[in-house]
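Please read the notes below with the model open beside you, and check each point against it as you go.

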Amino acid sequence: MMIPERPALERRVLDALEINAGTTQTQPGRLPVVLGGCGTGRTSLLLRLRDLVGRNAAQYVDIERIATTPERFLKALHESSPFPVQAPQAAGNGEHGPRESFTTALAFLSQARGTTGGPVTFLLDEFLELRTFESFPGLRTVLRDLIAALAVSPNRFVLTSRYTARAHRLLRDAPARFEILPATPLSAAEVRATLTGGIDGGTFKDEDEEHAREDLARLVHALSDGRPAYARMIAEAATAVATRGAADPVSALCALLAPGAPLAAACRYCYELRLHRARGYGALKAILDVLAEQEPLTLTEIALRLRRTPGSTKDYLSWLEDVDLITSRQKRYSFSDPLLRVWVRLHCRPMPPSDEDIAREVHGYVMGRLPANEPALALAGAPRAAAGEKSWGIIEID
C-alpha cells in the first residue's frame, strides 16, 4: 500500500495558493495553515506539493529538525535552498547574533526570488517549533514576528503543525490572508484508492476480489480512524500476515500494537512528544490513565478518580487540550486519538502486555469502531464458518 494521498486537501491548498497544478506563474493568494495530529499526512502533503509546484520553485523546510539556534537555523535554511542567497551583512564584530540571524531568516523567507526573478513557495513543516528561539535574547515574539513577515510577503507559504489548539490561539488575530485547513480523516473511498493489486494472492475471481477489497478498505478505515499513517500500517500488515488466502486487518492490528511494533512505537512517540511539550508531566499521565479506563468523563468525575481538587484538575485538563491529547465535547473529556487510548491501556502498566491482553483490547476497540448498522463482530479463534464470515479473522455473531 502506498502512502495515502489527500486529493481533496491538496486541492484546497492549491486553491488557497491560487496555483493550478503544473504551473508556477501566480500572484500570492491566501496562506494555508494545515493542522492535524500525528499520522495525518501533513509532511507527505508538503512533499507532494513540492513536486507539484517544482523543486526549483518551492523549498520544503522541516523546522522541527533545524530549530536549534537562530544562527544554525539560518545556515541550514540557506544551504538547503534552491533559491539564490545573498550573503547577509554581519554585525560590527563580524558575527551574527540570535536576533540578527532570525531577522535575516525572515528577510530571506519574505524576499527570496526564483531563478526567473518571480515569487517562490516555502513549505514550512511544524512552524510552531520556532518557539524554541524564544529563550534567546530579543526573540520573545518569534512566532508573531513570523506571522507579520509572511502576511506582507509576495511569496507563497504553506504552514503545518500538529498542535491544533496552539495554532488556533496564535492565529486568532492574524491577518485575513491566513486560512486554517484541518487535515481531516481519510474517507473510506480514499483508503480504498490506496489498496492496489491483489489482496488475496490471486485466489479470488475479479468480482470476489473487488468485494474483498471493499470490505478490507471499510475495516481499515474504521480501525485507523481515517489517519493515513495508521491506515498504511494496518493495510500493509494485513496483507503481509494474510491467512487462509485473505488479508486480516484485525490480526494485523494486534501485531502492530505488540511491544516494539511499528504502531506501538508511533503511539509512544506521539504520547511522549506531546506530554513533554505540556506542563505537569506526571499528573497529565495520570489523567490519561483515568480516561483510558473510561471515557468520556466530566471534570468532577476525573477529579474524584485523580483525588485532586476540581480547580487543579481543570488546569491539568487545559494543559492536555493545549497539546491536543484530549478533546472536550459537552463538558465531557476523551482521547483525541482512539488508537492512542488503546496503546495507553496496553502499555502504561507495570508489565508488557501479553498476546491475550492485546487481543482483548483490540477486540473491544473493533467492536466500538464498527458502524452501528453493522452486525456484531468478534475476534475469531474458531474455524471458519460455512457462511457469515468475512475474509479477515473475525466472525459475525447473532
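1. Of the 398 residues of the protein, 48% count as buried, where buried means under 20% relative accessible area, exposed over 50%, and partly exposed in between (1.4 Å probe, protein chains only). This is a predicted model, in which local features need pLDDT of at least 70 and side-chain atom pairs count only at pLDDT 80 or more, while totals for chains, interfaces and linings use all residues. Residues are numbered from 1 along each chain as its sequence is written, and side-chain values use heavy atoms, with hydrogens and water left out.

2. The secondary structure comes to 17 helices and 10 strands, taken as DSSP runs numbered from the N terminus (helices H or I, at least four residues; strands E, at least two). Among contacts between residues at least 6 apart in sequence, 68% join residues at least 24 apart, a contact being heavy atoms within 4.5 Å.

3. The mean pLDDT, which is the predictor's confidence in each residue from 0 to 100, is 83, and 82% of the residues reach 70 or more. Over residues 197–204, however, the pLDDT is below 50, and this stretch has 15 contacts in the model beyond near neighbours in sequence. Residues 375–398 also stay under 50, with 51 contacts beyond four places in sequence. Where pLDDT is low, the predicted coordinates should not be read in detail.

4. Which residues have the most contacts inside the largest nonpolar core? They are Leu124 and Phe127, in a core of 95 residues; such a core is a set of buried Ala, Val, Leu, Ile, Met, Phe, Trp, Tyr and Cys residues joined through side-chain atoms within 4.5 Å. Leaving aside neighbours within four places in sequence, Phe127 is in contact with residues including Val33, Ile63, Leu143 and Leu170.

5. The largest pocket holds about 680 Å³ of space. A pocket is an open set of points, on a 1 Å grid over the protein atoms alone, where a 1.4 Å probe fits, with protein on both sides within 12 Å along at least five of seven lines, and lining residues have an atom within 4 Å of a point. The volume is the space filled by probe spheres set on the points, which are joined across faces, edges and corners. Of the 33 residues that line the largest pocket, the closest to its centre are Gly37, Arg227, Asp324, Thr327 and Ser336, and the largest share of the lining, four residues, comes from strand E7.

6. About 530 Å³ of space lies in the second largest pocket. Its lining has 24 residues, of which Cys38, Gly39, Arg42, Thr43 and Ala229 are the closest to the centre, and helix H10 gives the largest share, five residues.

7. Most residues other than glycine have a negative phi, and most peptide bonds are trans. Aspartate 324 has a positive phi of about 65° and lies in the loop between helix H15 and strand E7, where Asp324 counts as buried because its relative accessible area is 18%. Lysine 331 likewise has a positive phi, near 65°, in the loop between E7 and E8, but Lys331 is exposed, with a relative accessible area of 71%. Finally, the peptide bond from glutamate 295 to proline 296 is cis, with omega near -5°.
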